[in-house]
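Please keep the viewer open while you go through this note. Each point takes up one part of the fold.

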Amino acid sequence: MAKITLITGKVNSGKTRLLQKRILALKPKGMDGFVCVKRLGHQKQIVGYDLIRIRDGQKLNALTVKDRKHAYQDYFQYGPYIFSKDAFYQAERILDQALLDPSVETIVMDEIGEVEIMGLGYAHSLSKALLSDKNLIMTVNEDRLQNVLHHFKIKEEDLTEILRLP
């Protein structure tokens, strides 16, 4: 079973920012996965999100706000966003390779939630990571926390560390 560090908090409470600080403190060597970073437009409004790979900074355009144009060929909608299935397919392929790589000790998955519960996003890689002997750091919105824990059969005692943001 993975050794799980969970970062949870409300929307815009700083989960990703704390995750990025944690990654820098741990040094990315031996670590792979993704942080989900806001893409801002004019007047700093959110227009989407990119998945940024920890190991090499590779950027995947993953989500776009529904009312904005996008170039996704294969996508799904959830809430106010359009998700690129291709971006998450690429992310899962990278995560699956990292799970098999003995030099990778820690897997990072930012923003686990309802999309994964529906079997999309990082769902398959998350299930594999939970069964691995890797360290797993993930962020979950506190409103989705109980659903995520229940769906993926994660018990509170499985968590080695819980960081709760206000």
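**Notes on the fold**

1. Start with leucine 136. Setting aside neighbours within four places in sequence, leucine 136 is in contact with Ala2, Lys3, Ile4, Thr5, Ile107, Met109, Leu126, Ala129 and Leu130. Bear in mind that this is a predicted model.

2. Now the cores. Leu136 is one of the 39 residues in the largest nonpolar core. Along with Leu51, Met109, Tyr122 and Met138, Leu136 touches the most other members. Helix H2 supplies the largest share of this core, seven residues. There is also a second, separate core of ten residues. Leu19, Ile23, Val35 and Val108 are among its members.

3. Next, the sheet. It is open and has nine strands, in the order E5-E6-E4-E3-E2-E7-E8-E1-E9. The pairing is mixed. Strand E5 (75-78) and strand E9 (159-164) stand at the edges. Each has a single partner strand, so one side of each lacks a neighbour in the sheet. From one strand to the next, the twist averages 20°.

4. Look at E7 within that sheet. Six of its seven residues are buried, so E7 is largely enclosed by the rest of the structure. E2 pairs with E7 in the parallel sense, over four bridges. Here phenylalanine 34 has methionine 109 of E7 as its bridge partner. E7 and E8 also run parallel, joined by five bridges. Methionine 109 has methionine 138 in E8 as its bridge partner.

5. E1 and E9 pair in the parallel sense, over five bridges. The bridge partner of threonine 5 is glutamate 161, in E9. Helix H1 (residues 15-26) packs on the sheet. H1 touches E1, strand E2 (31-40), E7, E8 and E9. The direction of H1 makes about 145° with that of E2.

6. H2 lies across E2, strand E3 (46-53), strand E4 (59-65), E5, strand E6 (81-84) and E7. H2 runs at about 140° to E4.

7. Finally, helix H4 (residues 123-131). Which of its residues are buried? They are Ala123, Ser125, Leu126, Ala129 and Leu130. What do they pack against? Their partners are strand E1 (3-9), helix H2 (85-100), strand E7 (106-112), helix H3 (114-117) and strand E8 (135-141).

How values were computed:
Residues numbered from 1 in each chain as written. Predicted model: local features only at pLDDT ≥ 70, side-chain atom pairs only at ≥ 80, totals over all residues. Heavy atoms only, no water. Buried < 20%, exposed > 50% of the residue type's maximum accessible area, 1.4 Å probe, protein only. Helix = DSSP H or I, 4+ residues; strand = E, 2+ residues; numbered from the N terminus. Contact = heavy atoms within 4.5 Å. Pairing = 2+ DSSP bridges. Axes fitted to C-alpha atoms, helices over the stretch in contact; angles between N-to-C directions. Core = buried A, V, L, I, M, F, W, Y, C linked by side-chain atoms within 4.5 Å.
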